[in-house]
Every structure is written in C-alpha cells, then in structure tokens.
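Hello,

Here is the structure I promised to pass on. My notes on it follow below.

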Amino acid sequence: MSAYSPLRLRLDGAALAANWRWLDAASGAAACGAAVKANGYGLGAREVAARLAKAGCRDFFVATWAEAAEIEPVIGDASLAVLHGVTPEDMPAARASRARPVLNTQAQLSLWREVGRPCDVMVDTGMNRLGLVGTEAVGDLAIDTLHSHLACADEASDLNLRQRDTFANIRAAIPARRYSLANSAGICLGADYAFDLTRPGLALYGGIPRAEVEGHIASVAAIEARVIQRRRCEAGDTIGYNAIHRLDAPCEVAILHIGYADGYLRCFSGTGRALIEGRAAPVLGRVSMDLTAIDVSDVPQVGEGDWVALDFDLRSAAAQSGLSQYELLTTLGRRYQHMWQ
Ligand SMILES: *Cc1c(COP(=O)(O)O)cnc(C)c1O
C-alpha cells in the first residue's frame, strides 16, 4: 500500500482522447501520432499512452530507450520511435526492443546498419538541432518514416514555409514509407504541413500553442493541494523565506502542501494563485520546496485539511510564472497522487 499523498493531479482521460481526436481530424489525410516523451509531458507516460492507444493512436514518440521500454507493454502493436536515435551504449536495449530509432547522424546510421531492421531518420531543415543536413546520404537503409521538425510553428515566421519547402525537396530525394514534419502547432499551419504523419505533444495535454486550437483543446491536468495550517497574520508581518512579502493589513493565510519540488516553481512566488469556489487566493511571498502560502482572507470557509486547486490553466499559469506551457507540465514532480477520471 502506498502512503497517502496530500497532493493530487486530477487527470481527464476523456479530454486527452478528445484532444487527440481533434488533432487527428485537423491532420487531414495524415495519420496523427503522439509525443509521450518526458513521462508523457509529466502526466504519466504509461497512463497517457494506454489511453491514446485505446482512442486509436497508432504512432508513439519518445526521446530515449528507457522511455520506449516503459510504454511498449501498453500500446499493443502500434509503432514506436525513439527520437534521440542510438548510441553504442543503447544497442543492447535497442536490439531487444521493437521500437525504431530516429537516426540523426552518420554514426547512428552506421550503428543501425548492423541491425538491419527498419529505422526512422531525422533531417534538419533549419532548426539546427538534431538531424542529418539536407540530403546527406543515407545509403540503403530501409526508412519507415523520414522526419523533420519545425522551429517556429507556434509563431508567424518565414522559417515555417522555408522548412516546409526544404522538406518537400528532401522528400523527393530520399525514399521512405512516410514523411512527417508537424508538431502540435505545425498541425495548425494547414494541410501542406501534415505530409503522412503528425507528431503532436503539447496540445494532447491541453496546451494551447496557437490561437487556432482555442475552443477545441480541453484542459487535461489540474493540481490540488491540502491545507496544512491556517493562520492569522498582522500588518507589518512578513511571510516566508527572505521575508520578501510584508503585509500592510491583517491577513488570513493558508499554507499548502505544494512547492517547487512539485513543479510549482519559485516563479509563482507572489504571482500564482489558488482558485477557491471562484475566488482567487493569491500566492504570498516565496514558494518553498514543499510549501506555499496563499491569502485566504476572502475565503473564511477554507481550513486545515481542505483541498485547494491551484490555478493551473496552462496559459494563465504561463503568464503568471513566465514559464512555458511545456515547462509547467514536464516539471510536475513525483509526489502527486494521479487521479484519472
Ligand atoms: C517533442 C517533439 C514533438 C512534439 O512537439 P509539441 O510542440 O509538443 O507538439 C514533435 N516532434 C519532435 C521531434 C519532438 O521532439
């Protein structure tokens, strides 16, 4: 029996599946996969992958072989690709896995030639992150899916069209069974960007990378923490580490079981808020490792042992904290009890 947790992550499985279905429809004739790296963007890779497989997703993407091994048992015979490719150290795990590497360099191509199984290949079209350059030779490898990745799909940038055109040229030069370019934001750029397979991550989990998805993508994760103590503070008192918040009037304060070790990072200090029966309860002072103080002067009903929801709407929480929606999700710690509904 695992110990009781005073922190919970409420996860909406129906919203996750509905987000995937919307992205699948928005991908047009292309198949729609799912990026479930970084523990399913912090929400639990196994739980996420099992639900998406059930919804009909047939293509999964992870970053590492350890991540591949974690979800392999729950996705049936769906396709699984490891975005970082292979190193010599990965080879035992890669040989034992049925996942395909997404090969990024000539050294990775050579390693995989010995295995003889199909692979994916990443080509760089202007992001200068991972992948072969342009039409660099790939030899006679059997390529399942040839990928590239968009650097600025969440903005109006000239680079989007240039990357798309470069990718179309590479497609004419390198034979593969399928071609894939678009992430969540790339799907919104239109049918020209979808090719045969899309690879959304963020929007599956309720993230809003572009205005086009507003109203179509539902929130998946909500965080709740219990109140350990409620206390009254007087004008002139300070709250928390380094006494950065000084009260100019008396205040009722609730101390929550959540802190930066739970992904509620210090950038929420003085900017984040809880939402209690429609009322905002602002974060007071500095977020600690495991504790956060909120102002509950307007919510007399909240006391010791009560559960409080933090404002974790990804766009407003991003605005409060200065973090990206990606960081908000992927830094969620391991102390939450996951409650899927
Ligand atoms: C993470 C990742 C994705 C998913 O991107 P989102 O912006 O989260 O939709 C797609 N492709 C590659 C190569 C990635 O690394």
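The buried residues of helix H7 pack against strand E7 (119–124), strand E9 (143–147) and strand E10 (178–180). Helices (H or I, at least four residues) and strands (E, at least two) are DSSP runs, numbered from the N terminus. Contact means heavy atoms within 4.5 Å, and buried means under 20% relative accessible area, exposed over 50%, partly exposed in between (1.4 Å probe, protein chains only).

This is a predicted model, in which local features need pLDDT of at least 70 and side-chain atom pairs count only at pLDDT 80 or more, while totals for chains, interfaces and linings use all residues. Residues are numbered from 1 along each chain as its sequence is written, and side-chain values use heavy atoms, with hydrogens and water left out.

Helix H7

The buried residues in H7 are Leu159, Asn160, Gln163, Arg164, Phe167 and Ile170. They cover an arc of only 135° around the axis, which puts them on the same side of H7; the arc is that of the directions from the helix axis to the C-beta atoms. An α-helix has 3.6 residues a turn, so residues three or four places apart point the same way. Asp158, Arg162, Asn169 and Ala172, on the other side of H7, are exposed.

H7 has 16 residues (158–173), which at 1.5 Å a residue should span 22 Å, and the end C-alpha atoms are 23 Å apart, which agrees. The expected span is 1.5 Å times one less than the number of residues. At the N-terminal end, Ser157 caps H7 with a side-chain oxygen 3.0 Å from the backbone nitrogen of Leu159. A polar contact is a pair of N or O atoms within 3.5 Å; within protein, one must be able to donate a hydrogen and the other to accept it, and residues adjacent in sequence count only if both atoms are side-chain atoms.

Aromatic rings

Searching the whole structure gives 5 aromatic pairs. Rings of Phe, Tyr and Trp (its six-membered ring) pair if their centres lie within 6.5 Å; planes under 30 degrees apart count as stacked, over 60 as edge-to-face and the rest as tilted. One of the pairs is Tyr41 with Tyr326, which is tilted, at 6.3 Å centre to centre and 40° between the planes. Tyr41 lies in helix H2 (residues 37–41) and Tyr326 in helix H10 (residues 325–330), so this pair ties together parts that are 285 residues apart in sequence. Tyr41 is buried at 7% relative accessible area, whereas Tyr326 is partly exposed at 34%. Another pair, Tyr264 and Phe268, is stacked, with 4.2 Å centre to centre and 5° between the planes; both residues are buried. Tyr41, Tyr205 and Tyr326 form one aromatic cluster.

Two arginines sit over rings: Arg8 lies over the face of Trp307, 3.7 Å from the ring centre, and Arg51 over the face of Trp340, at 4.2 Å. The criterion is NZ of Lys or CZ of Arg within 6 Å of the ring centre and within 35 degrees of the ring normal.

Two buried loop residues

Asp311 is in the loop between strand E19 (307–310) and helix H9 (314–321) and is buried, with a relative accessible area of 3%. Its side chain makes polar contacts with those of Ser316 at 3.2 Å and Gln320 at 2.8 Å.

Asn183, in the loop between E10 and helix H8 (184–187), is buried at 14%. The Asn183 side chain reaches the backbone nitrogen of Gly186 at 2.9 Å.

Regards
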